[in-house]
Amino acid sequence: DDHGYADAGCYGNDVVRTPNLDRLAKESMRFTHAFAGSPTCTPSRSVIYTGLMPFRNGAHPNHSRIRPGIKTLPHYLAALGYRVVLAGKTHVGPRAAFPFEYLPAQLKGHRAASVPRVYGNDLDTDVVDQLLADHRTTRKEQPLCLIIAAWSPHVVWRWKEYDSAKVTVPPYMIDTALTRHAVARYYTDVTLMDKRLGDCLESVKKHGLQDNTLFIYTSDQGAQWPHAKWNLYDAGIRVPLLARWPGKVKAGSVSDAIVSLVDVLPTFIEVAGGEPPREMDGCSFLPVLLGKGTRHRRVIFATHTGDGKMNDFPMRCIRTSTHKYILNLKPQNLYTTHITDGKDRDGRDYWQTWLEKAKTDEHAGRIVRDYQHRPAEELYDLRADPYELSNIAADPANRDLAKFLGKRLENWMEKQSDPGAATQMRAQTNEKNANK
């Protein structure tokens, strides 16, 4: 939950401690260009479980529900004979539309030798271990699909085990003492998540399931930082993705194939022996996993609608291997999130230090200004500007590319029955009339 793409040793971060992820990466295919369908929890998870993008499954704002009649992962895999279990966080709805076998796996309070203090939402991996032990005893012949959904490293980040002076502050953030303190707490939660991952990997091995299990690790979107969660920049939608399958997936391999998390369900269906429905937005990347191909998608799309009253700022994007085009449907709105308008635990404490520093520091002022004031169009050359800090959409030299990507995005939005497509067409018509 909210684990950023770059925040693991196997993805290049040499400060955060993720020994289990790093070990898993050596046994897996590590994807470098995997993307969420949305940078917000419920929409992203609904995309994974339906194989449909947000406007087609209906759950496009956060805390929303999919439309009646939409089939989900447990429907498809149960029909193929699988026991389908979800342990941990859910954050999708309505519950009846997701007929998992739900396994309560939430730790509340102190756990000796495991958690150094009271922790509100943590994964009880003992419950997961018991489930695997029971399955091997009572349902040995039935195939199992087990989704383990940890809460970390979603806020609240409760304590700090890292030296604030040694953490990495990305270029899209302002380096203040409270920023570093928050990053240190986030890293601590990443390491807690990594420990829970290690517990689950050990359980799979202990119960004799490792050699016949496709084990996938990913996250729902980027971490809760400005420029990341609730944004279509790569820090918001690019996710870690590791796939281990002994004897089938080459251990220690790296794939640059562009994949979307909307592709996970059709991949699972094909792995399970079924045929993914053609009407799905996702498409199976099993050939990439099996080494039968090195490419998957040419572009990915992602959408964000909003997250309550704090975040009324809908946006859409198209990303190629080299460029990102973002369409902001309400550029007149001030961009706000829980970070700017929420509580200190959400990040408002360090955000206030950003605002203060922005008064006297030109670089800080630009970061704050660009974060809260977005133009209708954004275009980034990801080769020269991987952190997406220099919008080149208004540059005459890039107008043809911006128009091309914008038109392709608009066509996709129309096919998705995205009401934002009509909004964009009206805006274009008004602009043309104003220029006459």
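The structure is a predicted model, in which local features need pLDDT of at least 70, side-chain atom pairs count only at pLDDT 80 or more, and totals for chains, interfaces and linings use all residues. Residues are numbered from 1 along each chain as its sequence is written, and side-chain values use heavy atoms, with hydrogens and water left out. Helices (H or I, at least four residues) and strands (E, at least two) are DSSP runs, numbered from the N terminus.

**The four-stranded sheet**

- Four strands make an open sheet in the order β7-β8-β1-β9, and their pairing is mixed; two strands pair if DSSP finds at least two bridges between them.
- At the edges stand β7 (215-218) and β9 (253-260), each with a single partner strand, so one side of each has no neighbour in the sheet.
- From one strand to the next, the twist averages 25 degrees; axes are lines fitted to C-alpha atoms, for helices over the stretch in contact, and angles run from 0 to 180 degrees between N-to-C directions.
- Five bridges pair strand β1 (residues 29-35) with strand β8 (residues 238-244) in the antiparallel sense.
- As an example to find in the model, M29 has A243 in β8 as its bridge partner.
- Helix α6 (residues 177-206) packs on this sheet and touches β7 and β8, and its direction makes about 175 degrees with that of β7; contact means heavy atoms within 4.5 Å.

**Helix α6 and its helix partners**

- The 30 residues of α6 reach 44 Å from the first C-alpha to the last, close to the 44 Å expected at 1.5 Å a residue; the expected span of a helix is 1.5 Å times one less than its number of residues.
- Of the 30 residues of α6, 22 are buried, so the helix is largely enclosed by the rest of the structure. Buried means under 20% relative accessible area, exposed over 50%, and partly exposed in between (1.4 Å probe, protein chains only).
- After α6 comes G208, with a positive phi near 70 degrees.
- Helix α11 (residues 348-358) and α6 have axes that come within 8 Å and cross at roughly 150 degrees.
- The two helices α6 and α11 are therefore roughly antiparallel to each other; angles under 35 degrees count as roughly parallel, over 145 as roughly antiparallel, 65 to 115 as roughly perpendicular and the rest as oblique.
- Where α6 and α11 touch, L178, T179, A182 and R185 of α6 meet D349, Y350, T353 and W354 of α11.
- Helix α1 (residues 19-26) packs against α6 at an angle of about 50 degrees, and their axes are 7 Å apart.
- Helices α1 and α6 are therefore oblique to each other.
- On the α1 side P19, N20, L21, R23 and L24 take part, meeting M193, D194, K195, L197, G198 and L201 in α6.

**The three-stranded sheet**

- Another open sheet has three strands in the order β3-β2-β6, with parallel pairing.
- Its edge strands are β3 and β6, each of which pairs on one side only.
- Direction ignored, neighbouring strands here are turned by 20 degrees against each other on average.
- All of strand β2 (residues 83-88) is buried, six of six residues, so β2 is largely enclosed by the rest of the structure.
- Strand β2 runs parallel to strand β6 (residues 144-149), and six bridges join them. Opposite L86 stands I147 in β6, and opposite V84 stands C145 in β6.
- Three bridges join β2 to strand β3 (residues 101-103), also in parallel; V85 has E101 in β3 as its bridge partner.

**Helix α5, which covers this sheet**

- Helix α5 packs on the sheet, touching β2, β3 and β6, and its direction makes about 175 degrees with that of β6.
- The 14 residues of α5 (residues 125-138) should span 20 Å at 1.5 Å a residue, which agrees with the 20 Å between its end C-alpha atoms.
- Its buried residues are T125, V127, V128, D129, L131, L132 and H135, and what covers them includes β2, β3, β5 (122-123), β6 and α6.

**Two residues to look up**

- S46 lies in helix α2 (residues 41-50) and is buried, with a relative accessible area of 0%.
- Leaving aside neighbours within four places in sequence, S46 is in contact with L52, N57, A59, I66 and V92.
- L107 belongs to strand β4 (residues 106-107) and counts as buried at 13% relative accessibility.
- From L107 to I318 it is 211 residues in sequence and 39 Å in space, C-alpha to C-alpha.
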